[in-house]
Amino acid sequence: MTRAAYVGAVDQGTTSTRFFVFDHHGKIVSRAQLEHRQIYPRPGWVEHDPIEIRDKAYEVIRQGLKSAGIRPGELAAVGITNQRETTVLWNPKTGEPYYNAIVWQDTRTDPICSRLAVNGEMGCFRSRVGLPLSTYFSGPKIKWLVETVDGLDSAMEKGAVMFGNMDAWLIWWLSGGPDGGLHVTDVSNGSRTMLMNIETLKWDTEMLAAMDIPEKILPEIHSSSEVYGYTTPEGVFGEKIPLAGILGDQQAALFGQACFTPGEAKNTYGTGCFLLMNTGEQMVHSTHGLLTTPAYRIGGEPPVYALEGSIAIAGSLVQWVRDNLGLISASEEIEALARTVDDNGGAYFVPAFSGLFAPHWRREARGVITGLTHYINKGHIARAVLEASAFQTKEIFEAMEKDSGIRLTALKVDGGMVNNELLMQFQSDILGLPVICPKNRETTVLGAAYAAGLAVRFWSDLQELRQHWEIDHQWDSRMAEQERTALYDGWHKAVYKSYA
């Protein structure tokens, strides 16, 4: 075991960047967080400034180390977890992005996805990449940038373009940037591009040809837990620290929840909602609208796979109600407003702002509020907003059971919305199963720290990590089956009305 007493981890998320320091027991020693701008150039377009994100990452690292009162050399390793699919192309000589980062929620690539579909079939590449054609993933975003941004084509021919999701972007800068920075990613992020073969875990020549993307712009694919290289003494850490863990945010949360056994599942309630179930070394190809994805790979061990159901709008719906409707002045107020009524009054909110993700995959769907009568007030709307995440989770939960043949007995939960007692109780009610929250709710960034720590033997194995997981709270269902069925039927009717 290394003598260093801590592990650091960067969590580069959709709305903010954070840095955490953990001790050997997986306890949080310090944290720092800074938000970045959300850029909306047109309806359906969502962008971030990559330079702003880099600078915010540097600042939270400084703040986190200062808050912990430790020297960088006391870190055994640093891990990275990141918003997946968010796409940036940059010049390796200058580090300048050719365009803003295109965020995973962005829908501008819809025409490209339609164009790529073989005989109109959006699932035509599923067997190779585990994913349907969707605006969600990185590959179509790269294609849009190449087709749209002046000079990118010729820059690629000259070898003057690098692609990365936000993990690759930050690792490159932390390891030297234009002065020899590492251009790497891991299997969990590679799987979100539509360009990686999920069996070979290598860039797929057929997919690269279909999207007309040269392999030379792509990062090297590595495992999720190994020493990729080191931070530079000239950089923000000021010392050589092993960069040793990379996991896309949802796979990181699965890892941080210690879901190491096939059949264990977690749901993260954040900007979106993401339910993943460990399927072990078996790759389960979904027939119910789910994604097949590498969950993680530890060093040279066989990859572990997962089924994933992605919900585009969860916590961001609460923000939308706050910012666009003005029903609340702070996101935390949504629960108190929802508690002013006893039920949803027959109102349902389907937040298909960017279409519907799993298990429907309806690009044309648009958000709707149904069941409005004179009786409905803002309390009912607030309750419908919270219930939307729970209903969508139930849809994915059922699809996972059908795909895997495994009867799930509980759901581990994490993310910011887990603090909402009303939502968590309703989630248990509508599932008819226990919903369990760990003491350490920062499972995403913890997963990245675990991956980095394993690589340098700060932690010995998965069993040691499992011992750190402790229950904080469990919600048990109180709802009668008849009421559960009626509410769920109402949800399905509302979903069908969202199909534009």
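This is a predicted model: local features need pLDDT of at least 70, side-chain atom pairs count only at pLDDT 80 or more; totals for chains, interfaces and linings use all residues.

As for the space itself, the second largest pocket holds about 240 Å³. It's lined by 14 residues, and the ones closest to its centre are Asp 342, Asp 343, Arg 383, Glu 387 and Phe 426. Sorted by class, the lining has seven charged residues, five nonpolar ones and two polar ones.

Now for some ring contacts elsewhere in the model. A search of the whole structure turns up 24 aromatic pairs. One of them is Phe 255 with Tyr 296, an edge-to-face pair at 4.8 Å centre to centre with 70° between the planes. This pair ties together distant parts of the chain: Phe 255 belongs to helix H9 and Tyr 296 to strand E15, 41 residues apart. Phe 255 counts as buried because its relative accessibility is 0%, and Tyr 296 is buried too, at 3%. Another pair joins Tyr 496 and Tyr 499: the ring centres are 6.0 Å apart and the planes sit at 65°, so this one is edge-to-face. Tyr 496 counts as exposed at 53% relative accessibility, while Tyr 499, at 22%, is partly exposed.

Rings also meet charges here. The charged end of Lys 394 sits over the ring of Tyr 488, 5.0 Å from the ring's centre.

Technical notes. Residues are numbered from 1 along each chain as its sequence is written. Side-chain values use heavy atoms; hydrogens and water are left out. On a 1 Å grid over the protein atoms alone, a cavity is a set of points where a 1.4 Å probe fits but cannot get out, and a pocket is an open set with protein on both sides within 12 Å along at least five of seven lines; lining residues have an atom within 4 Å of a point. Grid points are joined across faces, edges and corners, and a volume is the space filled by probe spheres set on the points. Ala, Val, Leu, Ile, Met, Phe, Trp, Tyr, Cys and Pro count as nonpolar, Asp, Glu, Lys and Arg as charged, and the others, Gly among them, as polar. Rings of Phe, Tyr and Trp (its six-membered ring) pair if their centres lie within 6.5 Å; planes under 30 degrees apart count as stacked, over 60 as edge-to-face and the rest as tilted. Helices (H or I, at least four residues) and strands (E, at least two) are DSSP runs, numbered from the N terminus. Buried means under 20% relative accessible area, exposed over 50%, partly exposed in between (1.4 Å probe, protein chains only). A charge sits over a ring if NZ of Lys or CZ of Arg is within 6 Å of the ring centre and within 35 degrees of the ring normal.
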